[in-house]
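Here is my note on the model, as numbered points. Please read each point with the structure open.

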Amino acid sequence: MVPLMPYLEGKRALSPSAIDKYLTCPLQFYFRYSAGLEEPDEVTEEVDARIFGNLFHDTMEALYTPFLGNELGADDIQGLMDDEEKIQNLLLQSFRDNYFKGGDDSKAVVLRGRNWLVGEIVKKYVRQVLELDKKRAPFTIEGLENKFKADFPLSDGERTVLVGGKVDRIDKHDGVLEILDYKTGKADLSFTMLDDLFDQEKTNRNKAALQTLIYAAVVHANRESEGIIQTGIYALRRIFEKDFQPTVTSKELGNQPVNYVEHQEVFNEKLVRLLEEIFDTNVPFVQTEKEETCRYCPYKNICRRG
């Protein structure tokens, strides 16, 4: 079994997705992060959702890595869009790394059937993200797939929880530090108020927004000089919508972008309160009351629900 103590001892970082999993179902959190039961891998001959996400992430990272630390203009991005051969080669390399593991590196990767179709879809998403970025340019890419972590002291004054994870991308745009997350699944770019993000009873709780704001909290702990930190989500299911903007907004703020730095005291207080509940040995890891959550849970056979 994998106890929770390593998170209190600074040996392991509790990820934003893990924190969100607790809000979704404390028992599911227990199975994964306390009991150490890995989610079962499904054997498939086709690209699954996880690998699809890796293909997209890897291709975007490889495209932007040469520009890391430099200002990226609209012409630079157009140049990437025009270089179809480069995009194709980076995609094939990602297929080799994620899907054809253990294959002969001397042989060219050839996509056939459904894999070819998946590759075409990934390229379509990549080109649309580049198109959106061209409209936002110029901006500076300050981080790609970087790991960040920070300690969050609990109110007892004795314990701290190490929180962290890998941030997909960090941009500097018009003096604003932007924490950007790529989401292949469903994601809403707006939430009503901060309280809603931590409300376990809320059926439409904005999970993606909460995760990006936790990342913002961790990044700010490492870059305290930043005056404005906003978050954004490239929700791939929505990027083809007219006038799509990745910035996370709040109805509580008049549908304006959320500056984490301005709201850090309130947000961190709510986050620490949740962490205290997670690590309170007197609070049991109970099963969620929302049965629809159990439908796709990897541990539903253990709970015998769904």
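1. With which residue does Arg32 form a salt bridge, and how far apart are the closest N and O atoms? The partner of Arg32 is Glu38, and the closest N and O atoms are 3.6 Å apart. A salt bridge here is a side-chain nitrogen of Lys or Arg within 4 Å of a carboxyl oxygen of Asp or Glu. Arg32 has a relative accessible area of 21% and is therefore partly exposed, whereas Glu38, at 56%, counts as exposed. The cut-offs are under 20% relative accessible area for buried and over 50% for exposed, with partly exposed in between (1.4 Å probe, protein chains only).

2. On the basis of the numbers: this is a predicted model, in which local features need pLDDT of at least 70 and side-chain atom pairs count only at pLDDT 80 or more, while totals for chains, interfaces and linings use all residues. Residues are numbered from 1 along each chain as its sequence is written, and side-chain values use heavy atoms, with hydrogens and water left out.

3. Side chains of opposite charge can pair when their charged atoms come close. A search of the whole structure gives 19 salt bridges. One of them joins Arg169 and Asp133, with an N to O distance of 3.0 Å. This pair links distant parts of the chain, 36 residues apart: Arg169 lies in strand β3 (residues 160–173) and Asp133 in helix α7. Helices (H or I, at least four residues) and strands (E, at least two) are DSSP runs, numbered from the N terminus. Arg169 counts as buried, at 0% relative accessibility, and Asp133 is likewise buried at 0%.

4. Which residues are linked in a network of salt bridges? The network consists of Asp133, Arg136, Arg169, Asp171 and Glu178.

5. Another salt bridge is made by the side chains of Arg159 and Asp156, at 2.7 Å from N to O. Here Arg159 is partly exposed at 30% relative accessibility, and Asp156 is partly exposed at 38%.

6. Glu226 sits in the loop between α9 (207–222) and β6 (229–235). Is Glu226 buried or exposed? Its relative accessibility is 10%, so Glu226 counts as buried. The side chain of Glu226 makes a polar contact with that of Arg223 at 2.7 Å. A polar contact is a pair of N or O atoms within 3.5 Å; within protein, one must be able to donate a hydrogen and the other to accept it, and residues adjacent in sequence count only if both atoms are side-chain atoms. Leaving aside residues up to four places away in sequence, Glu226 touches Lys172, Leu177, His220 and Val261, where contact means heavy atoms within 4.5 Å.

7. Disulfides: the count is 0, a disulfide being a pair of cysteine sulfur atoms within 2.5 Å. Cys297 is buried at 10% relative accessibility, while Cys303 is partly exposed at 26%.

8. Leu117 is found in helix α7 (residues 113–136). The relative accessible area of Leu117 is 46%, so the residue is partly exposed.
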